[in-house]
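Me: Please take a close look at one part of this model, the cavity, and describe what surrounds it and the contact between the chains.

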There are 2 protein chains.
Amino acid sequence: MKTQELYQLVWMSRPLMQAAEACVESGLAGTDLTVRMRAVLEILRAGGDLAVPEIAAKLEINRQYVQLMVNETLASGFTELRPNPRHKRSPLLTLTDKGRELIDNVITREMEIIRTIGSELSDEEVSTALNVVSLVTSRLRAQDGST
Amino acid sequence: MKTQELYQLVWMSRPLMQAAEACVESGLAGTDLTVRMRAVLEILRAGGDLAVPEIAAKLEINRQYVQLMVNETLASGFTELRPNPRHKRSPLLTLTDKGRELIDNVITREMEIIRTIGSELSDEEVSTALNVVSLVTSRLRAQDGST
DNA sequence: TTCATAATGACAATATCAATGTCATATTGA
DNA sequence: TCAATATGACATTGATATTGTCATTATGAA
């Protein structure tokens, strides 16, 4: 029955996430990057320069914890502060050359792994899976939010 | 491109898991059950009576932490100990009537939610999604394990 | 039967991730 | 101008889980 399979799919989310995180972590070995610092660099790479509260909003994590993550990237020289024209007290965080090169390399390697796995799957299958997972996620959120 | 979508799918695993866990937690409100106690009851329900180390193996969690979870279910009267014919020092954990009724109700309600969400999807889509997620999980594990 | 080895439950310490609380200060916008 | 708010910094707490240790007891092989 379909319900059983869908139930299984939902419960696969934890193993999948754990496997993915373990891979990400392996990919960071040898660099000075931690998984949470990586998240900051990734967001800056995709979204341009951002202030701490903006990063917190994008990551849906509280601002205090993001501040911590950001401070680590600053300390390691992967990011630096630039004046924020929109807010004088909350500077923009920007990737340094070093930081940009690192996150580019990290993501490239990750994509390579994904590309290899993807070679076993059709475009159709991947699209369907993504659609299903997206829908289920949003429905579960709605379910919980309304309760 | 497919690789992008597959990458997205992998990164959806965290939001999906969080949404699922939030739902599970909501479903437990009003009961004396916590999410981790629920995991113990669920495994006993599916796998029959088990000793603590066996539960730990099934959950792929270390035995010390499982012991903690199990002790909580004992304290709340959802499980009880039975002599273990296979091992004199490690008793079998079994569901009490109270525990069985509770976990049955909890899972029934969860299945109901899943059934509702599933009504928007075809059997084909769900099967494909489950296959994709399973394959990606195992490939990521292999990737990481080999590194 | 004996005995070294391994398994078990109990407990403590540590780690990680994250939320929450608080505060002084600076900034914003009415 | 000034009240309300945002921000960074710091502290506290909590949840989840791992690791380490130990005494006791089974277990299984010689």
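Reply: By class, the residues that line the largest cavity of this predicted model divide into nine nonpolar, no polar and one charged. The lining is made up of Ala20(A), Cys23(A), Val24(A), Glu110(A), Ile113(A) and Ile114(A) from chain A, together with Tyr7(B), Val10(B), Trp11(B) and Leu140(B) from chain B, and Glu110(A) is the charged member of that set. At least two lining residues each come from H2 and H6 of chain A and from helix H1 (2-28) of chain B. The volume of the largest cavity is about 110 Å³, and the count of cavities of 30 Å³ or more is one.

Turning to the contact between the chains, 55 residues of chain A and 55 residues of chain B take part, and the area buried between them is about 5,600 Å², with carbon and sulfur atoms giving 74% of that area. Of the area that chain A buries against chain B, Lys2(A), Tyr7(A) and Leu16(A) supply 12%, more than any other three residues.

The polar side of this contact comprises 16 residue pairs in polar contact, both residues being at pLDDT 80 or more, while the count of salt bridges between chain A and chain B is six; one salt bridge joins the side chains of Arg139(A) and Glu120(B), at 2.5 Å from N to O. On the side of chain A that touches chain B, two or more residues come from each of the helices H1 (2-11), H2 (13-28), H3 (35-47), H6 (97-118) and H7 (123-146) of chain A, with H7(A) giving the largest share, 18 residues. By class, that side of chain A has 28 nonpolar, 13 polar and 14 charged residues.

Conventions
Residues numbered from 1 in each chain as written. Chains lettered and ligands numbered in written order. Predicted model: local features only at pLDDT ≥ 70, side-chain atom pairs only at ≥ 80, totals over all residues. Heavy atoms only, no water. Contact = heavy atoms within 4.5 Å. Buried area = accessible area lost by both parts, 1.4 Å probe. Salt bridge = Lys/Arg side-chain N within 4 Å of Asp/Glu carboxyl O. Polar contact = N/O pair within 3.5 Å; in protein donor to acceptor, adjacent residues only side chain to side chain. Helix = DSSP H or I, 4+ residues; strand = E, 2+ residues; numbered from the N terminus. 1 Å grid on protein atoms, 1.4 Å probe; cavity = no way out; pocket = protein on both sides within 12 Å on 5 of 7 lines; lining within 4 Å. Points joined across faces, edges and corners; volume = space filled by probe spheres on them.
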